[in-house]
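The following note is meant to be read with the model in view.

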Amino acid sequence: MEKAKWYVVHTFSGYENKVKANIEKAIKNRNMQELIHTVEVPLQQEIEEKNGVKKTVQRKTFPGYVLVKMVMTDDTWYVVRNTRGVTGFVGPDSKPVSLSLEEVKNMGIDTLVLVPTVRVGDAVTLLTGAFENSEGIVKEVHQSKGTVVVSVNGFGREFPVEISMTQIEILV
């Protein structure tokens with residue numbers, strides 16, 4: 001099976017959260033959790049001053065856009081493209097072009113925000129390194145560092161491997 005990649009979806013301005021909710025509802029209704037993994041509206045924190053009072057607020061990093069991590073098939077394309085509020089995928093002639101994690105990082109988006117929530121006990125696949133494509137169980141989560149400790153079987157025994165959250169994929 002093809003790996004999930006990040007795609008950018010263009011929406012009507014102000015409809016980003018509604019589009020996210022509608023796509024998530026469609027995923028659940030059509031049982032597509034294995035194909036469409038994550039839907040995110042990238043946010044950034046800003047300090048706003050109003051009447052002399054400073055307040056931290058969250059603003060959309062890219063108004064009018066939603067990021068979707070999915071395996072591109074005719075069905076997933078159809079579900080996302082035909083969601084109310086979606087005007088199309090970003091790419092030439094509205095043909096979806098996937099983003100690399102480097103491109104996502106270069107856009108100034110915190111990739112930790114884009115990583116699905118990882119919990120102790122989750123089964124994961126390592127995507128890079130000496131144990132690429134190995135499966136293991138999450139033993140520790142270090143949100144502040146953006147890493148997890150995964151228990152991997154290798155060389156006839158089990159041992160811990162610390163790896164970035166962006167370099168694992170949660171098994172469903």
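Predicted model: local features only at pLDDT ≥ 70, side-chain atom pairs only at ≥ 80, totals over all residues.

1. Val141 has Val148 in strand S9 as its bridge partner. Strands are DSSP runs of E with at least two residues, helices are runs of H or I with at least four, and both are numbered from the N terminus. Two strands are said to pair if DSSP finds at least two bridges between them. Strand S8 (residues 135-142) and strand S9 (residues 147-154) meet this condition, with six bridges in the antiparallel sense. Ile137 stands opposite Ser151 in S9.

2. Residues are numbered from 1 along each chain as its sequence is written, and side-chain values use heavy atoms, with hydrogens and water left out.

3. On its other pairing, S9 is joined to S10 by eight bridges, and the two strands run antiparallel. Gly154 stands opposite Arg157 in S10. S9 and S10 form a hairpin with two residues between them, and Phe155 in the turn has a positive phi of about 55°. How many of the eight residues of S9 are buried? Seven are, so that the strand is mostly covered, where buried means under 20% relative accessible area, exposed means over 50%, and partly exposed lies in between (1.4 Å probe, protein chains only).

4. These strands belong to an open sheet of five, in the order S10-S9-S8-S7-S11, with antiparallel pairing. Strand S10 (157-164) and strand S11 (168-170) stand at the edges with a single partner strand each, so one side of each has no neighbour in the sheet. Neighbouring strands of this sheet are turned by 40° against each other on average, direction ignored. For such angles, axes are lines fitted to C-alpha atoms, for helices over the stretch in contact, and angles run from 0 to 180 degrees between N-to-C directions.

5. A further open sheet has four strands in the order S2-S5-S1-S6, again with antiparallel pairing. Its edge strands are S2 and strand S6 (86-89), each of which pairs on one side only. The twist averages 30° from one strand to the next. Within this sheet, three bridges join strand S1 (residues 5-11) to S6 in an antiparallel arrangement, and the bridge partner of Val9 in S6 is Phe89.

6. Contact here means heavy atoms within 4.5 Å.

7. Strands S3 and S4 present another picture. Strand S3 (residues 43-50) is hardly covered, as the count of buried residues among its eight residues is zero. S3 pairs with strand S4 (residues 53-60) in the antiparallel sense over eight bridges, and Glu49 stands opposite Lys54 in S4. The two strands form a hairpin with two residues between them.

8. Most residues other than glycine have a negative phi. Asn51, in the loop between S3 and S4, has a positive phi near 55° and is exposed, with a relative accessible area of 78%. Asn133 lies in the loop between strand S7 (123-126) and S8; its phi is near 70°, and it is exposed at 51%.

9. Is Pro42 buried or exposed? Pro42, in the loop between strand S2 (36-40) and S3, counts as buried because its relative accessibility is 4%. Pro42 and Val9 are 33 residues apart in sequence and 12 Å apart in space, C-alpha to C-alpha.

10. Finally, some totals for the whole chain. The protein chain has four helices and 11 strands, and buried residues make up 39% of its 172 residues. Of the contacts with a separation of 6 or more, 56% are between residues 24 or more positions apart. The C-alpha atoms fill a box of roughly 60 × 50 × 30 Å, taken along the principal axes.
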